[in-house]
Amino acid sequence: MPSSVNRRLMAAAAATGGLVLLVSGCSYLSGGDGGTADTSDIDCSPYEQWEDTGGTVSIYASIRDEEGDRLEESWADFAACTGITVQYEGSGEFEAQLPVRLDGGNAPDLAFIPQPGLLERAAEDGHAVPVADGVQSNVESGWSEDWQGYATVDGDLYGSPLGANMKSMVWYSPTFFNENGHEVPETWDEMVELSDTIAADGTKPWCVGFESGDATGWPGTDWIENALLRTSGTDVYHDWIAHDIPFDAPEVEEAFDLADGIIRNEDYVNGTFGGVDSIAVTSFQEAGMPLLDGGCALYLMGSFYGAQFEDDVEIGEDADIYGFVLPPLEADAEVPIMGGGEFVVAFDDRDEVVAMHEYLSSGEYANQRASLGSWVSAHQDLDQSVLADPTDQFTAEVLNDPDTVFHFDGSDAMPSSVGTNVFWGGMVDWVTGADTATVLESVESAWP
């Protein structure tokens, strides 16, 4: 998920687990004309297995601006040492344009796909190629089975995970909590009791914002997905994503009801912005800002949200801003983690493409990219000591906990005609007055 040196410029964050940033104006098109880059100041020993590979590799993704610059910087030494020219293109229309390019015979060599549903389509349509043996080995040793499963189609692995984020995080102000004697809740009921206490003191406890341009509504899907995992568990969640149960199943209605108790509770929302209907027009980027001055106390948003705060905002367990994992319904119950990430998918198997893919799937790459800041991977070889941001450290700790079962963002995993279209719109309808049954039936009827 997005972050940046200038945190405000991260405004167009990831609606789908990917990034939405402007095309990079900075170039680290490393490798230059193939082997001519000056490597005298570079330790090339980590890249010896790909020495003198040469050639050109095109990469297409949604990652732009500062994040795009950091990506290019992250593989600059690799490219210089191997003689590979990397042509990187970040696009704000990635999800829409990638299928067009694939169907038109204009596929990139590699793409960073943030939606398992889109990855599956690229594989089933015969555009993507199964990963090479070196990538397969890296993925099997570097990521848990659940992550591998999201890139597996008909038994073949078609992608390697790259970045990761956690979307089960409640942002809060430790300063506000300490000043008012509040404690981080450990169950959903404790969270509701805390919300009641804060509301009784005259503060709307929750801030919520669904506005995100063309992707408006996606933060609402995160609420429902997190609620469903807590009310019905893993099996129902995955059956729902796969449409083995209908979108409007009773279990899903129960999840809506759980979220309803907070999102559409006029006593709880929407701190400093207005009533419940203000959620639809409050951008998710600005929605959490009232945490800084006591305008609200709680905000469910992805781990990437830390990049939204100005540099003078201290993030940490005893600082201005921090986060906790959305609690389970009952004490000591399994705490489901939902989130997103990107997968590197190849559309060619030339030697230089395989070399680049192997590097991107390695623990060495994960540590190199993480060392540049504002990025987390679920790679099990990630050295968490290279993470400078406390929320990145917290996120990595949760994602890499062997007891964590990671659930991919459901709307990203559904067919795009449902998950990133009707479902998003349905959440807007819901917070502006539509009843739950109508919204559920509308999304169900759109399933292909």
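Author: H3 is followed by Gly105, which has a positive phi, near 75°. The model is predicted.

Reader: Which residues of helix H3 are buried, and on how wide an arc do they lie?

Author: In H3 (residues 94–103), the buried residues are Phe94, Leu98, Pro99, Arg101 and Leu102. These residues lie on the same side of H3, because the arc they cover around the axis is only 165°.

Reader: What covers the buried residues of H3, and which exposed residues does the face turned away carry?

Author: The cover includes strand S1 (56–61), strand S2 (85–90), strand S3 (110–113) and helix H4 (116–124). The face of H3 turned away from the buried side carries two exposed residues, Val100 and Asp103.

Reader: Which residues does Trp240 touch beyond four places in sequence?

Author: Leaving out residues up to four places away in sequence, Trp240 touches Ile224, Glu225, Leu228, Ile245, Pro246, Phe247, Val252, Met414, Phe423 and Trp447.

Reader: Is Lys167 buried or exposed, and with which side chain does its own make a polar contact?

Author: Lys167 lies in the loop between strand S6 (160–166) and strand S7 (169–172). Its relative accessible area is 1%, so Lys167 is buried. The side chain of Lys167 makes a polar contact, at 3.3 Å, with the side chain of Asp222.

Methods
Residues numbered from 1 in each chain as written. Predicted model: local features only at pLDDT ≥ 70, side-chain atom pairs only at ≥ 80, totals over all residues. Heavy atoms only, no water. Helix = DSSP H or I, 4+ residues; strand = E, 2+ residues; numbered from the N terminus. Buried < 20%, exposed > 50% of the residue type's maximum accessible area, 1.4 Å probe, protein only. Polar contact = N/O pair within 3.5 Å; in protein donor to acceptor, adjacent residues only side chain to side chain. Contact = heavy atoms within 4.5 Å. Arc of directions from axis to C-beta.
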